[in-house]
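User: Please take a close look at one residue in this chain and place it in its wider setting. Keep it brisk.

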Amino acid sequence: ADESGASCFSTYEIQRDLRDFAPPAAPLFASDVGAASGYAVLRLPAGWIGERHPSPRRQILFCLSGQVRITPDVGEPRIISTGDAWMMEDTEGSGHKTEVISDEPFDAVVVQIP
C-alpha cells in the first residue's frame with residue numbers, strides 16, 4: 001500500500017549472493033534468510049473471484065500452478081503465474097481483488113512474515 005493506504009504494485013529484485021547455503025553441496029546464489037511465522041497451502045478453483053480485501057498480514061505468495069489477476073487500488077492489474085512470487089504488504093486500506101483466470105485451479109504457498 002502507498003502512503004495513503006491505497007493498494008499498488010512495485011517491482012524489486014531480491015539480492016542473492018554466492019554462498020555456502022547447503023554444504024557440502026557447491027555454493028549457490030541465495031538471499032539472506034528471513035524470518036517466517038507460518039505458511040498455508042492454497043487452492044482457488046477455476047473461475048473463483050474474491051471480494052476486494054487487504055492482505056491479512058504481511059506475507060509472500062509463491063505460485064505453483066494456474067494464474068490469477070490481482071487488481072490494486074492504484075495502477076494496472078498484474079497476472080501472477082506459475083513460478084511467480086508476490087510480496088503482499090497491503091495490510092491496510094481496501095486492499096486488492098483476486099480472480100482466477102486460468103482454466104485450472106490456482107495453487108500457491110503463502111509464507112507469513114512477522
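Analyst: Helices (H or I, at least four residues) and strands (E, at least two) are DSSP runs, numbered from the N terminus. By that rule the chain has nine strands and zero helices. This is a predicted model, in which local features need pLDDT of at least 70 and side-chain atom pairs count only at pLDDT 80 or more, while totals for chains, interfaces and linings use all residues. Residues are numbered from 1 along each chain as its sequence is written, and side-chain values use heavy atoms, with hydrogens and water left out.

Now the residue itself. Arg 78 lies in strand β6, which covers residues 78-81.

Next, its neighbours. A contact means heavy atoms within 4.5 Å. Leaving out residues up to four places away in sequence, Arg 78 touches Phe 9, Thr 11, Val 68, Arg 69 and Ile 70. Phe 9 is 69 residues away along the chain, yet the two C-alpha atoms are separated by 8.2 Å. With Thr 11 there is a polar contact, side chain to side chain, at 3.2 Å. Such a contact is a pair of N or O atoms within 3.5 Å; within protein, one must be able to donate a hydrogen and the other to accept it, and residues adjacent in sequence count only if both atoms are side-chain atoms.

Contacts across the whole chain give the setting. Of those with a separation of 6 or more, 71% join residues 24 or more positions apart. Buried residues make up 29% of the 114 residues. The C-alpha trace spans about 45 × 35 × 25 Å along its principal axes.

Elsewhere, strand β9 (residues 106-112) has two partners. Two strands pair if DSSP finds at least two bridges between them. Seven bridges join β9 to strand β3 (residues 38-44), and these two run antiparallel. Val 41 has Val 109 as its bridge partner in β9. Strand β4 (residues 59-65) also pairs with β9 in the antiparallel sense, over six bridges. There, Gln 59 stands opposite Gln 112 of β9.

Val 33 sits in the loop between β2 (28-30) and β3. Val 33 counts as exposed because its relative accessibility is 71%.

Technical notes. Buried < 20%, exposed > 50% of the residue type's maximum accessible area, 1.4 Å probe, protein only.
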